[in-house]
Amino acid sequence: MEAVKYEILYIIRPDLGEEGKKALVEQFDTILKDNGAEIVDSSDWATKRRLAYEIGGYREGDYHLVTFTTTQAEPINEFERLALINDDILRHMVVRLDHLNN
């Protein structure tokens, strides 16, 4: 089975602090890797960006973008499951990049 490229963009609550944010990003990168994904890039997309609407009492958030490849659904499923129950992640979005050349 051929690896497919994905991106996950997630919004981190802005009052988490640098150390907390770093730990959160490392935790979720590890979740992807432990479930079979190969991370291509994991970096901040925007820091303290204003949200289009209020989410959980926040009007801004820190955006983090992870690009990875995988041959299975487990990394994405586990990321989404844990992101939904983590109060530090306000929103997340997974996009399949199969329309781009690898």
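Across which strands does helix H2 lie? Colleagues, I shall take that question as the entry point to this structure, which is a predicted model. Helix H2, comprising residues 74–85, lies across S1, S3 and S4.

Four strands form an open sheet in the order S2-S3-S1-S4, and their pairing is antiparallel. Strand S2, residues 38–55, and strand S4, residues 89–96, stand at the edges; each has a single partner strand, so one side of each is left without a neighbour in the sheet. On average, neighbouring strands of this sheet are turned by 20° against each other, direction ignored.

I now consider strand S1, residues 4–12. Seven bridges join strand S1 to S4, and the two run antiparallel. With S3, strand S1 pairs in the antiparallel sense over nine bridges. Individual residues illustrate both pairings. Leucine 9 stands opposite methionine 93 in S4, and the bridge partner of leucine 9 in S3 is leucine 65. Further along, isoleucine 12 stands opposite isoleucine 89 in S4.

How many of the nine residues of S1 are buried? Seven are, taking buried as under 20% relative accessible area, and S1 is therefore largely enclosed by the rest of the structure.

Next, the helices. H1 and H2 pack at an angle of about 150°, and their axes are 8 Å apart. Angles over 145 degrees count as roughly antiparallel, and H1 and H2 are therefore roughly antiparallel to each other. Their crossing is right-handed.

Which residues make this contact? From H1, they are Phe28, Ile31 and Leu32. From H2, they are Pro75, Glu78, Phe79, Leu82 and Ala83. Sorted by class, the contact of H1 with H2 has seven nonpolar residues, no polar residues and one charged residue.

Thank you for your attention.

Technical notes. Residues numbered from 1 in each chain as written. Predicted model: local features only at pLDDT ≥ 70, side-chain atom pairs only at ≥ 80, totals over all residues. Heavy atoms only, no water. Pairing = 2+ DSSP bridges. Axes fitted to C-alpha atoms, helices over the stretch in contact; angles between N-to-C directions. Contact = heavy atoms within 4.5 Å. Parallel < 35°, antiparallel > 145°, perpendicular 65-115°, else oblique. Left-handed = near helix turned anticlockwise from the far one by under 90°. Nonpolar A, V, L, I, M, F, W, Y, C, P; charged D, E, K, R; others polar. Buried < 20%, exposed > 50% of the residue type's maximum accessible area, 1.4 Å probe, protein only.
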